[in-house]
Amino acid sequence: MSQLVWDKNAVVGVIDGLKAKPGALLPILHGIQDALGYIPADSVPLIAAALNVSRAEVHGVITFYHYFRETPPGRHTVHICRAESCQSMNSKGLEAHAKAALGIDYHETTADGVFSLEPVYCLGNCACSPAISIDGETYGRVSPERFDEILTDVRAQA
Amino acid sequence: MSIVISVYVPRDSSALSLGAEKTAKVIAAEAAQRGIDINIVRNGSRGLFWLEPLVEVATAAGRVAYGPVQASDVAGLFDAGFLEGGEHPLKQGLTEEIPYLKNQERLTNARIGITDPVSLDDYLAHEGYRGLQNALQLAPAEIVKQVTDSGLRGRGGAAFPTGIKWNTVLNAQGEQKYIVCNADEGDSGTFSDRMIMEDDPFVLVEGMTIAGLAVGATKGYIYLRVEYPHAHKNLNAAIAAAEAAGYLGPDILGSGKAFDLEVRLGAGAYVCGEETSLLESLEGKRGLVRFKPPLPAIKGLFGQPTVINNVISLASVPIILDKGGEFYRDFGMGRSRGTLPIQLAGNIKRPGLIEKAFGVTLREILYDYGGGSASGRPIKAVQVGGPLGAFLPESQFDTPLDYEAFAAHWAVLGHGGIVAFDDTVDMSHMARYAMEFCAIESCGKCTPCRIGSTRGVEVMDDIIKGQDRTKNIALLRDLSDTMLNASLCALGGMTPFPVLSALNHFPGDFGESG
């Protein structure tokens, strides 16, 4: 992708709406990611100026938290749980299947821009392991076959 | 005119993860097609997850359960007359009589699965806000005394007496005190916080309001992990309803006392479940662990006196204030008083939420409740207390769930999560994963955790490859000793628990003679 186009007005709107809150940085970052799907590098100076902190501090916070991303995600983000409970129900097999089916590794996006793949450390769905989530919806007892069905459904929605 | 029958289909995210949404839609469509008027209530989950989606029908005898009900089962259920409690292969009988549920002591989770989680009327109809009503009649020190008398200890894992923490904040001086709820439930195998927040969010709101009255705090934050979007939605709905009805805000039920509540989202950092890291994150910073002292009770959020408690600790407060500290204290054993919401997960036939008085044994939980492994193979090990908890072998399954009994085995109860593994698990890989997880999640402030975890992964890789095993196992023990004794917080300090317990109990998996 060449030049990333980003919506500056959306970012400024989020910042102005939240900057008065105590400890506003995380709410602002969430607001921007909710609106745009990621946090554009060019929004960092705007956030820093609004909160009177350095750009380095803002960058430090963005990179500290696994959830925040600096590049646009695919249309759908698939999270696969890597934690112990899911491991006990063969999440490693599911993980290998998902990577092969999508043709990507963790932190990557398919060439058609439809799916991004991310690891997650527990979705709180441990009684229904192994678990994945797609765009915030959790799926339990996901066998490789069920994974393929879910992806087909999600693809159809798009 | 016939009576409209109530049908309950859970909205808990685990139930949804197994198809509850579709089940609810198909039930509504099928009823409409047959010209039957029904009232579908989207309740929370009862926590019997092998039966989810668990559909219940209100009958004269009580609620009758059917499960697991997939969309494809719905037409058959109508044909079988399930709206009158008719016979069907999926019928489980009266919900309250299912032994898994009947044999529990549900105090903190008294309402989950029964009520519509975001209905304040339903909450009030099921003994909600009685604790707050009592608290409003008491002086702050008297509220703290009830909590102290109850023997409640921090359910996040550290098991520090809640009443003592509250008393410190009550007596601390500050311009603005805070109540912070640690809802960053990151431990694998745990979901009791999630269930409270999704399935009975008002009980947490009430508990935090009582905490505010007890210590003189007027502002509360719930620091919620971003992985729980349904909890976020339900908490915000509950807070809005409580505000509208005067249970939150500048003048709680006309008492002149104020308390406001706000949900803040984390961003996928496990270490933010550590209380000081969480406070940094709430302040808008990287979640670096703070040195202690000062304790958060003295200098916490924004440098002010702060009560920081786990969801379950705070959600246990309303029943303590409703029925009295002594009522709660009469459950349990030794110094572990009250009940623990045990979360049974992993490779297990009947996973679920089991709230029991302390003292029940692991074996009872795994076999009487859990029914053994899901795979049908022998259970080789269980990890109790999340990714920083020890692995216990079969020889320790008779240990009662009690903080001190677990400590005697160099194990922890933590937040009450139990993950079962069958005999296909290779414990050396679990030890490697514990180090890897620590490396991924370390905040980086202290060296033993930051560097030690990465070295730990490397040493484990060598052990797994069979390279200089004796030497590398000695190195692993030495490294674990450093992490255990020199890390700033429990992340680096407790990663040796799973690593060394795996090594000590399952030496064969590490190429040692067992």
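In this predicted model, A:Pro130 sits in the loop that links β3 (115-120) to β4 (132-134) of chain A. B:Pro293 belongs to the loop between α12 and β9 (306-310) of chain B.

That loop between α12 and β9 of chain B also holds B:Phe302. The phi of B:Phe302 is positive, near 50°, although the residue is not glycine. B:Tyr129, another residue other than glycine, has a positive phi near 60°. B:Tyr129 is placed in the loop between α5 (120-125) and α6 (130-136) of chain B. Most residues other than glycine have a negative phi, and most peptide bonds are trans.

Are these two residues of chain B buried or exposed? B:Tyr129 has 23 other C-beta atoms within 10 Å and is therefore buried. B:Phe302 has 16 C-beta neighbours inside 10 Å, so it counts as partly exposed. The cut-off for a buried residue is 20 or more such atoms.

| Site | Feature | Value |
|---|---|---|
| B:Tyr129 | positive phi | near 60° |
| B:Phe302 | positive phi | near 50° |

Chain A is assigned two stretches, domain 1 (8-64) and domain 2 (76-157). The C-alpha centres of domain 1 of chain A and domain 2 of chain A are 29 Å apart.

Chain B contains 21 helices and 16 strands. Along the principal axes, the C-alpha atoms of chain B occupy a box of roughly 80 × 60 × 40 Å. The radius of gyration of chain B is 24 Å, which agrees with the value near 24 Å for a compact globule of 514 residues. Of the 514 residues in chain B, 59% are buried. Counting contacts in chain B between residues at least 6 apart in sequence, 72% join residues at least 24 apart.

The largest nonpolar core consists of 205 residues. B:Val180, B:Leu204, B:Ala211, B:Val307 and B:Val382 have the most contacts inside this core. Helix α10 (residues 201-215) of chain B supplies its largest share, 10 residues. Beyond its neighbours within four places in sequence, B:Leu204 is in contact with B:Cys181, B:Ile196, B:Met197, B:Val311, B:Leu314 and B:Ala315.

B:Ile196 and B:Met197 are also among the buried residues of α9(B). Helix α9 (residues 192-199) of chain B is largely enclosed by the rest of the structure, because 8 of its 8 residues are buried. The buried residues of α9(B) include B:Asp193, B:Arg194, B:Glu198 and B:Asp199.

Where the chains meet, 45 residues of chain B are in contact with 35 residues of chain A. On the chain B side, the elements giving two or more residues are α1 (13-17), β8 (260-265), α12 (275-282), β12 (339-346) and β16 (417-422). The largest share, 4 residues, is that of α1(B). By class, the side of chain B that touches chain A comprises 21 nonpolar, 16 polar and 8 charged residues.

How values were computed: Residues numbered from 1 in each chain as written. Chains lettered and ligands numbered in written order. Predicted model: local features only at pLDDT ≥ 70, side-chain atom pairs only at ≥ 80, totals over all residues. Contact = placed C-beta atoms within 7 Å. Nonpolar A, V, L, I, M, F, W, Y, C, P; charged D, E, K, R; others polar. Rg over C-alpha atoms; globule rule 2.2 N^0.38 Å. Buried ≥ 20, exposed ≤ 12 C-beta atoms within 10 Å, placed from the backbone. Core = buried A, V, L, I, M, F, W, Y, C linked by C-beta atoms within 7 Å. Domains from an automatic or database assignment.
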